[in-house]
Amino acid sequence: MSAPQSPPPAARETIAVYDGAGRPVGAAARGDVYRDGLWHASAGVLVRSGDGERLYVHRRTDTKLVGAGAHDCLAGGVVAPGETPEVTAVRELAEELGIEAPASAVRPLGSIAWEGAWDGLDMRCHLFAYELRYDGPIRHQPEEIADGWWWTDAQLRAHLALPDWPFVPDTRALIETLLA
C-alpha cells in the first residue's frame with residue numbers, strides 16, 4: 001500500500017475567502033476553498049494591443065490545479081489574503097505574462113459573482129476584470145501558461161461558439177462585457 005499523497009503546493013496556498021456579497025471574510029488553503037465550494041475572488045487582466053484591435057489569448061498548462069489545458073483571455077489568479085483585486089491583477093499580469101505595469105495602467109472592465117461546476121468541483125468566485133493596452137514583449141510563466149497568441153474579438157467569439165472548446169468558465173460568463 002502506498003503512502004498518502006500530500007496535496008500539490010498550489011492546493012496548500014492560502015487564499016482570501018469572500019462572502020456571497022463580495023467582501024473578504026477570512027482565508028483558507030486553496031484546496032479547501034475549492035473542495036468546499038467556498039466563495040473566493042480572482043482578478044485578471046485582458047491584454048489588448050495598443051490599437052485595441054487584438055487581444056491576447058492563452059492556454060493554461062496541463063498541470064494547473066483547476067482548468068488544466070483550458071484557454072483564457074485574462075492573465076490572472078486568486079486574490080491573496082489582504083490583497084485587493086487590483087493588486088492581484090497587476091501581480092498576476094507580471095507573473096503569468098511578464099508584463100510589468102503600474103496599477104494606474106489597468107482600467108476596470110467589470111466583475112461578476114460566478115457559481116458553477118468546473119472540473120467536478122462546485123466553484124463560487126467573484127471575478128474582477130481589468131484591461132491593459134500593450135504592445136511590448138510577453139514572457140509566459142512556464143508553470144502557468146503553455147502557449148499564447150493574439151486574436152481579434154471575432155476570432156475569440158468564433159472559438160467560444162464551439163461547444164467543446166475548453167475555456168475558463170468564469171471568464172466565459174463575463175466575456176460579453178470584456179469584448180464590448
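Glu92 lies in helix H3, which spans residues 85-97; helices (H or I, at least four residues) and strands (E, at least two) are DSSP runs numbered from the N terminus. The model is predicted: local features need pLDDT of at least 70, side-chain atom pairs count only at pLDDT 80 or more, and totals for chains, interfaces and linings use all residues. Residues are numbered from 1 along each chain as its sequence is written, and side-chain values use heavy atoms, with hydrogens and water left out.

**The annotated glutamates**

The place of Glu96 is also in helix H3. The UniProt annotation "binding site", from an unreviewed entry, covers Glu92 and Glu96. From this set, Glu92 and Glu96 are both part of the lining of the largest pocket. On a 1 Å grid over the protein atoms alone, a pocket is an open set of points where a 1.4 Å probe fits, with protein on both sides within 12 Å along at least five of seven lines, and lining residues have an atom within 4 Å of a point. UniProt positions are in the numbering used here, feature names are shortened, and annotations may be inferred rather than shown by experiment.

Are these residues buried or exposed? Glu92 is buried, with a relative accessible area of 7%, and Glu96 is buried at 3%. Buried means under 20% relative accessible area, exposed over 50%, and partly exposed in between (1.4 Å probe, protein chains only).

Not counting residues up to four places away in sequence, Glu92 touches Ala75, Gly76, Gly77, Val78 and Leu97. With neighbours within four places left aside, the contacts of Glu96 include His58, Leu74, Arg139 and Glu144. Contact here means heavy atoms within 4.5 Å. The side chain of Glu96 also reaches the backbone nitrogen of Gly76 at 3.1 Å.

**Aromatic rings**

A pair of aromatic rings is described by the distance of the centres and the angle of the planes. Rings of Phe, Tyr and Trp (its six-membered ring) pair if their centres lie within 6.5 Å; planes under 30 degrees apart count as stacked, over 60 as edge-to-face and the rest as tilted. By this rule the count comes to four aromatic pairs, among them the following.

| Pair | Centre to centre | Angle between planes | Type |
|---|---|---|---|
| Trp149 and Trp151 | 5.6 Å | 55° | tilted |
| Trp151 and Trp165 | 5.9 Å | 35° | tilted |

Trp151 lies in strand S9 (residues 145-151) and Trp165 in the loop between helix H4 (153-160) and helix H5 (169-178), so their pair ties together parts that are 14 residues apart in sequence. Trp151 is buried, with a relative accessible area of 11%, and Trp165 is buried at 12%. Ring pairs link Trp149, Trp151, Trp165 and Phe167 into a cluster.

**Other residues and the annotated domain**

Arg30 is found in helix H2 (residues 30-36) and is buried, with a relative accessible area of 15%. Its side chain is joined to that of Glu13 by a polar contact of 2.4 Å.

Asp62 is placed in the loop between strand S4 (55-60) and strand S5 (71-72), and counts as exposed at 62% relative accessibility. Asp62 and Glu143 are 81 residues apart in sequence and 9.1 Å apart in space, C-alpha to C-alpha.

For "domain: Nudix hydrolase", an unreviewed entry in UniProt lists residues 38-173. The end C-alpha atoms of that span lie 19 Å apart, and the span is 19% helix and 40% strand.

Notes:
Polar contact = N/O pair within 3.5 Å; in protein donor to acceptor, adjacent residues only side chain to side chain.
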